Amino acid sequence: MMAEAGAGGPRLAELLALGRRLWDELETSTEPSSGAPAVQDKVRQGLDALQRATAMVAQLELFSENEELEEVASADLKFMLLPALLGSLTLKQVNLSRRIEHLESAREHFLHFLKLCRNYGLGSFQLPPATSSHEAAGSPPAPQDPTQPNLVAMAMSRTAKIERYKQKKELENKLASMSSSVESGTADEDQIREFYILQIQKWIGTSLEEIESIDQELVILRSRDAARQAPPGSRGPSRPARAPMKPFILTRDAAQARVFGAGYPGLPTMTVDDWYEQRRRQGVVSQQGFGEPGFLPCPSPPAGAVDEESQKQQQEKKEEEDDEEALQKARDWDDWKDTHPRGYGNRHNMG
């Protein structure tokens with residue numbers, strides 16, 4: 001196998017190096033938008049290079065389900081990362097009309113990478129289900145009440161996430177300390193092998209996280225599409241449209257209606273009796289009215305409130321009469337001043 005890899009090695013290694021370099025540039029890009037033409041051009045170039053490298057790996061049969069990790073040459077270990085890199089670059093495409101297609105394709109790449117690692121005993125993890133709908137082939141999922149979450153599964157998932165995060169930090173620190181010697185060519189065979197295995201283990205955690213995120217996004221997108229395609233009648237009966245009510249001022253009696261009408265000529269007015277009669281004709285209330293459902297009766301005023309209202313009306317009437325009497329006195333006083341000059345009748349300042 002080492003000889004086969006060497007026969008096509010230079011070209012294969014160049015394609016992997018190109019795809020990995022473009023992926024690194026996209027990860028550290030300062031472009032404000034992932035949909036920028038320059039960004040998407042790099043995505044397309046990276047995908048092309050990695051897809052060609054993947055085809056060459058399949059042709060060379062570098063990896064087999066029937067061999068152990070020790071049988072894989074150290075220089076060939078880095079090619080195990082091809083499916084994971086393909087999945088990551090596939091997610092960076094921004095064509096919204098093909099988003100579900102890209103998510104499903106990326107999931108397949110990540111799952112292929114995880115299966116490859118599982119076959120070689122790299123890492124200890126639970127393989128995600130074969131499909132994004134969490135249904136194994138030929139075995140539908142058990143029904144579960146959505147209002148009763150699986151607390152055990154949630155706790156296990158949270159514990160697994162915490163453990164993966166710790167492992168990721170440890171792996172990043174180790175890789176950072178070893179990268180300079182591997183890239184400069186001063187590392188020996190054992191160091192190179194350990195470096196590539198650490199990279200693979202780091203991408204195992206990344207792939208598990210990406211698949212979980214993909215599954216969540218697919219559920220949202222498919223639910224949205226299903227809601228758009230559903231016929232209008234399947235969304236439940238719609239309420240009959242109610243005729244809009246015209247604005248009006250509710251007055252106590254006809255006198256107030258005239259006053260408000262004069263002040264607001266553009267706004268219709270009506271008394272309480274008029275309003276009630278109109279609602280009765282519309283069928284909202286019956287002649288009995290107060291016993292009908294849907295009608296909120298006006299409470300009868302208490303006896304004290306009636307007495308108070310009567311006293312207030314008497315007081316207003318008295319004030320009006322007092323005003324007329326005061327006005328008559330003022331008129332008489334003006335007439336008297338017209339016929340009696342100032343100082344008339346003052347006998348104290350004679351002189």
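This is a predicted model: local features need pLDDT of at least 70, side-chain atom pairs count only at pLDDT 80 or more; totals for chains, interfaces and linings use all residues.
Colleague: Let's start with the overview. How many helices and strands are there, and in what pattern do they come?

Modeller: The chain has nine helices and two strands. Going along the sequence, they come as α-α-α-α-α-α-β-α-β-α-α. The chain has 351 residues, and 28% of them count as buried.

Colleague: What makes Phe63 and Tyr120 an aromatic pair?

Modeller: Their ring centres are 6.3 Å apart, and the cut-off for pairing is 6.5 Å, so they count as a pair. The structure holds three aromatic pairs, and Phe63 with Tyr120 is one of them.

Colleague: And why is that pair called edge-to-face?

Modeller: Look at the angle: the planes are 80 degrees apart.

Colleague: Which parts of the chain does the pair link?

Modeller: Distant ones! Phe63 sits in the loop between α2 (37-60) and α3 (82-91), while Tyr120 sits in the loop between α4 (99-119) and α5 (151-184). The two are 57 residues apart. Both Phe63 and Tyr120 are buried, too.

Colleague: What makes you say that Arg118 lies over the face of Phe125?

Modeller: Arg118 is 5.7 Å from the ring centre of Phe125. The distance limit is 6 Å, and the charge must also be within 35 degrees of the ring normal. Arg118 is listed as lying over the face of Phe125.

Colleague: What does the side chain of Glu71 reach?

Modeller: The backbone nitrogen of Glu68, at 3.0 Å. As for Tyr120, Glu71 is 49 residues from it in sequence but 9.9 Å from it in space, C-alpha to C-alpha.

Colleague: How do you know that Met80 is buried?

Modeller: Met80 has 0% relative accessibility, and buried means under 20%, so the call is clear. Met80 also belongs to the loop between α2 and α3.

Colleague: Why is α3 described as largely enclosed?

Modeller: Because 10 of its 10 residues are buried, α3 is largely enclosed by the rest of the structure. Among those buried residues are Leu82, Pro83, Gly87 and Thr90.

Colleague: What span would you expect for helix α6, and what span does the model give?

Modeller: α6 covers residues 189-229, which is 41 residues. At 1.5 Å a residue the expected span is 60 Å, and the model gives 58 Å from the first C-alpha to the last, which is close.

Colleague: What happens at the start of α6?

Modeller: A side-chain oxygen of Asp188 comes to within 3.3 Å of the backbone nitrogen of Asp190.

Colleague: Thr206 is in α6. Is Thr206 buried or exposed, and how do you know?

Modeller: Thr206 is buried, with a relative accessible area of 18%. The limit is under 20%, so Thr206 passes.

Colleague: Where does Lys168 lie, and how far is Thr206 from it?

Modeller: Lys168 lies in helix α5. Thr206 and Lys168 are 38 residues apart in sequence and 8.5 Å apart in space, C-alpha to C-alpha. Lys168 is partly exposed at 30%, because that value falls between 20% and 50%.

Colleague: Last one: which residues lie nearest the centre of the second largest pocket?

Modeller: Arg20, Glu183, Phe195, Tyr196 and Gln199, out of 26 lining residues. The volume of this pocket is about 700 Å³. Helices α1 (2-27), α5 and α6 each give at least two residues to the lining.

Methods: Residues are numbered from 1 along each chain as its sequence is written. Side-chain values use heavy atoms; hydrogens and water are left out. Rings of Phe, Tyr and Trp (its six-membered ring) pair if their centres lie within 6.5 Å; planes under 30 degrees apart count as stacked, over 60 as edge-to-face and the rest as tilted. Helices (H or I, at least four residues) and strands (E, at least two) are DSSP runs, numbered from the N terminus. Buried means under 20% relative accessible area, exposed over 50%, partly exposed in between (1.4 Å probe, protein chains only). The expected span of a helix is 1.5 Å times one less than its number of residues. A polar contact is a pair of N or O atoms within 3.5 Å; within protein, one must be able to donate a hydrogen and the other to accept it, and residues adjacent in sequence count only if both atoms are side-chain atoms. On a 1 Å grid over the protein atoms alone, a cavity is a set of points where a 1.4 Å probe fits but cannot get out, and a pocket is an open set with protein on both sides within 12 Å along at least five of seven lines; lining residues have an atom within 4 Å of a point. Grid points are joined across faces, edges and corners, and a volume is the space filled by probe spheres set on the points.
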